[in-house]
Amino acid sequence: MQVDTLIAARWIIPVEPEGLVLEHHAVVVNDGRIIGVLPVAQALALYQPRQLEELPQHALIPGFVNAHTHAAMTLMRGVANDLPLMDWLQNHIWPLEQRWVSESFVRDGNDLAMAEMIRGGITCFNDMYFYPEITAKRVIVAGMRATIGLIVADFPTAWASGPDEYFSRGLAVFDELRAAAPLVQFSFAPHAPYTVSDPALGRIRTLAAEMDLSVHIHLHETANEIDKSIASHGVRPLKRLQRLEFLGPQLTSVHMTQLTDEEIILLAQTGVNVVHCPESNMKLASGFCPVARLLEAGINVALGTDGAASNNDLDLMGEMRTAALLAKVVAGDAGALPAARALSMATLNGAKALGLEHEIGSLKNGKSADIAAVNLNLLENQPLHDPISDLVYSASRHQISDVWVAGRRLLKNRELTTLDSAEILARCEIWLDRLSTAQPSI
Ligand SMILES: CSC[C@H]1O[C@@H](n2cnc3c(O)ncnc32)[C@H](O)[C@@H]1O
Ligand SMILES: [Zn+2]
């Protein structure tokens, strides 16, 4: 049978079932989908590929899913370090965004972010930022998969003057682009409980149900957020969202470092997804998400980098290692979050959080060919007793050699195929100059 691509590799780590490692196997791709995962010899006997890829030192994994980021903020990488969340936002990031965020900022920031993510094996990202229409158009150019948040906030920005305009512009983006690309979907993205009023949240709840869109929100990020909620609303933010009937599998709650035992039970009972952003939580000193307890409770926990301005990279492979190590010390248990589970968080769990578990997140027949190849033949990976533990505890994103999304190659031997690195770097220089000369005084 003629097929588009046959990728023969030293190892294949399908992620489903969790922990499985297949040796000397091949992934067969046709019309953008996986039609076979089988021993190389059998694959070559059954299929005549138009493109044969032989990767004798590599592991094939499902493309990583960055379940929470603000991609365009990559232009603000390193702008304001060593600050707690609200100081960082109110006195540094938001003033810069008011001054500089524009269509060109979001275009250039997204291109830089996608170049970095593709080179790190990320094939799908869940975004929350201004000018979602620009993000969608750049995602289409790059060939990545993305869930793009239609943001809502009470505060005025260059993109919208207030809730009504956030809704009108967001709905216009949805109408214009909803059918633009099969790899792009939209969600509602109310920024956070402390910046979105009950009436606006209620309108999101209604529209999300009518439009069958998920909801993506920063939630329980800091103790200060909890205190402010109790002072303003008399309840903790999660309880407020429960009263507004938000809790369910369509809700993706980001950070969740401040959780009581009862709230963990509520999350499990209602199927709310959690996105864990360990490096952002640590860099802003926000707290520790009790990941091991959430997983034990059966809660879907995905992984996110947050924006590069509070990380400061978009390295989900590094985030996976951080999550695995941090979970152990937070739980006081070296067996917490084993490597295979951390890999699931960075792939299939992210797919689940975005409602895409039928499409991506594992290497299975019928799923989209969203695949990353990792070269594990470096001296730094030897002796290679266990490919999954190597992937999580010793490999780096710089070993990602090739990436496919829906069978389209976005990275070939570490070279981007859909984005122009030189052009992206040239635009970075312009933004470096703009943002560094215009930094508000601390
Ligand atoms: C409304 S667009 C997104 C908005 O969120 C800001 N942001 C970036 N990182 C965080 C975070 O960790 N918690 C809360 N808000 C964050 C970003 O600067 C934009 O203004
Ligand atoms: Zn965020």
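**Entry 1: the model.** I am working with a predicted model.

**Entry 2: empty space.** Rolling a probe the size of a water molecule over the atoms shows where empty space is left. I searched the whole structure and found three cavities of 30 Å³ or more. The largest cavity holds about 260 Å³ of space.

**Entry 3: the lining.** I listed the residues around the largest cavity and got 23. His 70, Leu 89, Trp 94, His 191 and His 218 lie nearest its centre. I sorted the lining by type: 14 residues are nonpolar, six are polar and three are charged. Which helix gives the most to this lining? I found that it is H2, residues 85-100, with six residues.

**Entry 4: the ligand.** Next I looked up where ligand 1 sits. The space it takes is the largest cavity. I found 18 residues around ligand 1. Those that come nearest are Trp 94, Glu 97, His 191, Glu 221 and Asp 306. H2 turned up again, giving the largest share of this shell with six residues. I sorted the shell too: 11 nonpolar, four polar and three charged.

**Entry 5: polar contacts.** A polar side-chain atom of Glu 97 is 2.7 Å from a ligand oxygen. In Glu 221, a side-chain N or O atom lies 2.7 Å from a ligand nitrogen. For Asp 306, I noted 2.9 Å between a side-chain N or O atom and an oxygen of ligand 1.

**Entry 6: cover.** Ligand 1 on its own has 460 Å² of accessible area, and the protein covers 100% of that.

Key: Residues are numbered from 1 along each chain as its sequence is written. Chains are lettered from A and ligands numbered from 1 in the order in which they are written. This is a predicted model: local features need pLDDT of at least 70, side-chain atom pairs count only at pLDDT 80 or more; totals for chains, interfaces and linings use all residues. Side-chain values use heavy atoms; hydrogens and water are left out. On a 1 Å grid over the protein atoms alone, a cavity is a set of points where a 1.4 Å probe fits but cannot get out, and a pocket is an open set with protein on both sides within 12 Å along at least five of seven lines; lining residues have an atom within 4 Å of a point. Grid points are joined across faces, edges and corners, and a volume is the space filled by probe spheres set on the points. Helices (H or I, at least four residues) and strands (E, at least two) are DSSP runs, numbered from the N terminus. Ala, Val, Leu, Ile, Met, Phe, Trp, Tyr, Cys and Pro count as nonpolar, Asp, Glu, Lys and Arg as charged, and the others, Gly among them, as polar. A residue is near a molecule or strand if one of its heavy atoms lies within 4 Å of it. A polar contact is a pair of N or O atoms within 3.5 Å; within protein, one must be able to donate a hydrogen and the other to accept it, and residues adjacent in sequence count only if both atoms are side-chain atoms. Accessible areas come from the Shrake-Rupley method with a 1.4 Å probe; for residues, only the protein chains shown count as cover. A molecule sits in a cavity or pocket if more than half of its atoms lie within 2 Å of its grid points.
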